[in-house]
Amino acid sequence: MGRIRFADRLALARAERAARDALRPRRVIEGREGTRVLVDGRPLVNFCGNDYLGLGQHLDLVAALQEGAAWHGVGSTGSALVCGHHAEHAALEKDFAQWLGYERGLYFGSGYQANLAVMQSLLAEGDVCVQDKLNHACLLDGARLSGAELKRYPHGDVEAAMRQLMSRREGAAMLATDGVFSMDGDQAPLADLALVARAQDALLYVDDAHGIGVLGPEGRGSLAVASLGAREVPLLLLPLGKAFGGQGAMLLGSTALVEHVAETARPYLFTTAPAPAMAAAMRASLKLVRKEAWRRAKLMSLVMRFRRGAAARGLPLQESFTPIQPLVLGDNASALAASKALEAAGFLVAAIRPPTVPEGQARLRITLSADHAEADIDGLLEALARAVNDSPAPIPA
Ligand SMILES: Cc1ncc(COP(=O)(O)O)c(C=O)c1O
């Protein structure tokens, strides 16, 4: 390959994406009130956000953010290991560790960053990182960054995970999984994975981005549902941009594990610590998540209403009992057409295409929130039935 100009490379790549219906322009949200968003001057009901409990605009969070900014300023002024670690971060880490029975917490600016940090600091060449094939991209990227051997087992296949761990001859092993799979909404077989990890002396690491706040008593997440705790799952990640309605991610583990990550993870060391005000807002969110069980109850009743309605209309949903309700349509063009038809009917549901999901599995990733009303669900179902059932493209079984 000879010399190439960036302009030519980008033009080629763009043309190739256009030919595959894979262009992904960003939509501007001009205003928001709960699940109502303004896009191109039009109000739409949002069915693709992750604010599952409807806390993102709660006055307690807004007030905590404002007060935090008034006290501490907007930025943290430095890396956590230099001068960016504030009392608000420390308090949030303590709150989460106490809540879920872990020794230590470590607050990151994002879940993506946290996963890169965990893998890069704990794993090295010669180690193995065994992961579910449908794990979130940042778990996979983190393993690649670490230099460890990445092995991916078929989705949910515990025996395959066991075999991959058993084939290890040397080095340390980590078994990593989403608690709730982000694009499919189903739950990992955590109890079985915990047994496998123990038998194979592997560190079990769970990323519960879509389970925390939503599942279990007090919203304690996927571990509580599987009756697991810090002993079985020594390392747990809780991204806070979803049910907690904010930003950042909390890593929980033993003092030894967490302090090692804090002191050695390049994605933690070489970045400005998150805003202390956001940590204050997340403390306020934690109080609401624990206390307001009605949000989870309402959310689950909306999930059931949606699933009943979809079944009655012949819409082929995945097996998911979380607020993530994907409708797999296959090719990119079908997913885009359905998304456009829904928008014309007043609903915002993005078409999710590769590389976010595997080739040929483009979908509408419909997400529900406690902020939705029953009438929103019924309206969406009607629009979906028209958009999908009237579409000329075949729907895979
Ligand atoms: C399972 C999972 N882990 C991590 C992330 C990344 O978290 P963040 O958005 O805070 O970077 C996401 C989604 O964004 C996710 O679905």
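Here are some questions and answers about helix H5 and His89. This is a predicted model, where local features need pLDDT of at least 70, side-chain atom pairs count only at pLDDT 80 or more, and totals for chains, interfaces and linings use all residues. Residues are numbered from 1 along each chain as its sequence is written, and side-chain values use heavy atoms, with hydrogens and water left out.

Q: Why is H5 called roughly perpendicular to H10?
A: The axes of H5 (residues 111-122) and H10 (residues 255-264) cross at roughly 100° and come within 9 Å. Angles of 65 to 115 degrees count as roughly perpendicular, so H5 is roughly perpendicular to H10.

Q: Which residues of H5 and H10 meet?
A: Contact means heavy atoms within 4.5 Å. Ala117, Gln120, Ser121 and Leu122 in H5 meet Leu257, His260, Val261 and Thr264 in H10.

Q: What makes His89 count as buried?
A: Buried means under 20% relative accessible area (exposed is over 50%, partly exposed in between; 1.4 Å probe, protein chains only). His89 has 2% relative accessibility, so it counts as buried. This residue lies in helix H4 (residues 87-100), and its contacts beyond four places in sequence include Ser76, Tyr107 and Pro274.

Q: Why is H5 described as largely enclosed by the rest of the structure?
A: Of its 12 residues, 10 are buried, so H5 is largely enclosed. Among the buried ones are Gly111, Leu116 and Met119.

Definitions and conventions
Axes fitted to C-alpha atoms, helices over the stretch in contact; angles between N-to-C directions. Helix = DSSP H or I, 4+ residues; strand = E, 2+ residues; numbered from the N terminus. Parallel < 35°, antiparallel > 145°, perpendicular 65-115°, else oblique.
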